[in-house]
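The sequence and the structure come first, and the reading follows.

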Amino acid sequence: MLFIFDMGGVVTTTFPLDLLTGKLGLSKAEFLEICRENGNIWEKLEKGFINVREFWTCFNQASASRGINAVQHDLFRLYFHPTLQSRTAELIAALRKKHRVVCGTNTIDSHWENHMERGDYAFFDQTYASNKIGEAKPNPNFFQLILEAEGYKAEEAFFTDDKIENCQAAAALGIRAVQFESPEKLWKEWGKYI
């Protein structure tokens, strides 16, 4: 069997986008609106089509008319301090004794580098990150690329993510998906496969 884990919100805490947008004097919706209106720069960043410096250059140009001070530093890196969900990491280690366990995550270069430094991807047999493979959840291609690369059929795979839309997208392909709510709940769901 193949087990696919999301990273942020499942293995570690997720990025506090509200903190970043608050520092900019924007709501999360306003921040994402600026990104969408300017060539979907968030999506491009998440898929690795632009780097962080290019993102902030585009963002600064687009937000100047709103009176927002230009961003001088990589705020995605500056405000990213994930903590490990140790019980989730224990489940991954237990599943790896009998199964293939991979990470399927939407991320950006700043967060990828942070997770690499911390060793968070070392819990897995392989990591499939949106910024490296050019696809992001909930697009079905994201999951199909992982299944193809790993050599598993959808019905042989399990997936967990804290976002329901990502679970629904995986389930629509026939992957057995569980929305992550807590490590304890996931242990109840998947502990039988250890």
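In this predicted model, the side chains of Glu117 and Arg77 meet in a salt bridge, with a nitrogen-to-oxygen distance of 2.6 Å. The pair links distant parts of the chain, since Glu117 belongs to helix 7 (residues 109–118) and Arg77 to helix 5 (residues 75–78), 40 residues apart. Of these two partners, Glu117 is exposed, with a relative accessible area of 59%, while Arg77 is partly exposed at 25%.

The structure holds 12 salt bridges, and another of them joins Lys137 to Asp6, whose closest N and O atoms are 2.9 Å apart. Lys137 lies in the loop between helix 8 (130–133) and helix 9 (140–150), and Asp6 in the loop between strand 1 (2–5) and helix 1 (17–24), so this pair ties together parts that are 131 residues apart in sequence. Lys137 is buried, with a relative accessible area of 6%, and Asp6 is likewise buried, with a value of 5%. Through salt bridges that share partners, Asp6, Lys137 and Asp161 are joined into one network.

A further salt bridge is formed by Lys47 and Glu43, with 3.4 Å between the closest N and O atoms. Here Lys47 counts as buried at 14% relative accessibility, whereas Glu43 is partly exposed, with a relative accessible area of 40%.

| Salt bridge | Closest N to O distance |
|---|---|
| Lys137 and Asp6 | 2.9 Å |
| Lys47 and Glu43 | 3.4 Å |

Turning to the strands, the model contains an open sheet of 5 strands in the order 3-2-1-4-5, with parallel pairing. Its edge strands are strand 3 (126–129) and strand 5 (176–179), each of which pairs on one side only. Neighbouring strands of this sheet are turned by 20° against each other on average, direction ignored. Strands of a sheet pair through backbone hydrogen bonds, either parallel or antiparallel.

In which sense do strand 2 and strand 3 pair, and over how many bridges? Strand 2 (residues 100–105) pairs with strand 3 in the parallel sense, over 4 bridges, and Cys103 stands opposite Thr127 in strand 3. Elsewhere in the sheet, helix 10 (residues 164–172) lies across strand 4 (157–161) and strand 5, and this helix runs at about 170° to strand 5.

Key: Residues are numbered from 1 along each chain as its sequence is written. This is a predicted model: local features need pLDDT of at least 70, side-chain atom pairs count only at pLDDT 80 or more; totals for chains, interfaces and linings use all residues. Side-chain values use heavy atoms; hydrogens and water are left out. Two strands pair if DSSP finds at least two bridges between them. Helices (H or I, at least four residues) and strands (E, at least two) are DSSP runs, numbered from the N terminus. Axes are lines fitted to C-alpha atoms, for helices over the stretch in contact, and angles run from 0 to 180 degrees between N-to-C directions. Contact means heavy atoms within 4.5 Å. A salt bridge is a side-chain nitrogen of Lys or Arg within 4 Å of a carboxyl oxygen of Asp or Glu. Buried means under 20% relative accessible area, exposed over 50%, partly exposed in between (1.4 Å probe, protein chains only).
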